[in-house]
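Dear colleague,

I am passing on the structure we spoke about, and below it you will find a short account of what came out of the analysis. Please read the account alongside the coordinates.

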Amino acid sequence: MQNGIHVTLISPRRYGKTGLVYHVFDELAKKRRSMTLCYCDIYSADNLEDFVKLLSESIVSAVKAEPTLKKFFSFFPGIRPLVSYDPVSGSPQVSIAYQNDGQKLSTLKSIF
């Protein structure tokens with residue numbers, strides 16, 4: 001990953017793939033402070049809209065600095081963030097809304 005090589009993990013469920021990814025993220029975060037790491041579990045995505053929503057929300061959650069967050073949304077004019085608070089824990093939650101259905105595919109293309 002440090003050399004820009006794509007990595008694919010394939011194994012049966014419950015073999016520790018997610019734990020391995022989190023461990024690698026922790027190690028990379030220790031070595032490179034300027035790197036933003038984003039984890040997105042797309043298992044629950046049933047369609048393109050779900051996939052784009054999950055991916056966008058995980059990117060927004062990973063980006064903590066406000067100027068960076070503003071830059072992120074300036075690249076994707078078709079989406080807008082919705083900030084709410086969990087009534088139980090009080091922690092902020094960010095979700096993504098689209099201005100129209102045509103923006104979903106263009107947003108996905110822009111992310112990649």
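How many salt bridges does a search of the whole structure find? The search finds 1 salt bridge, and please keep in mind that this is a predicted model.

The salt bridge joins Glu27 and Lys30, whose closest N and O atoms are 3.5 Å apart, which falls inside the cut-off of 4 Å that is used to call such a pair. Side chains of opposite charge can pair when their charged atoms come close. As for the placing of this pair, both residues belong to helix H1, which covers residues 17–31, and because they are 3 residues apart in it, about one helical turn separates Glu27 from Lys30. The two partners can also be described by their accessibility: Glu27 is partly exposed, with a relative accessible area of 29%, while Lys30 counts as exposed at 54%.

Turning to the chain as a whole, there are 4 helices and 2 strands, and reading along the sequence gives the pattern α-α-α-β-β-α. Of the 112 residues in the chain, 20% are buried, and the chain exposes about 8500 Å², of which carbon and sulfur atoms supply 55%. Where contacts are concerned, if one takes those in the chain with a separation of 6 or more, 37% of them are between residues 24 or more positions apart.

Terms used. Residues are numbered from 1 along each chain as its sequence is written. This is a predicted model: local features need pLDDT of at least 70, side-chain atom pairs count only at pLDDT 80 or more; totals for chains, interfaces and linings use all residues. Side-chain values use heavy atoms; hydrogens and water are left out. Buried means under 20% relative accessible area, exposed over 50%, partly exposed in between (1.4 Å probe, protein chains only). Contact means heavy atoms within 4.5 Å. Accessible areas come from the Shrake-Rupley method with a 1.4 Å probe; for residues, only the protein chains shown count as cover. A salt bridge is a side-chain nitrogen of Lys or Arg within 4 Å of a carboxyl oxygen of Asp or Glu.
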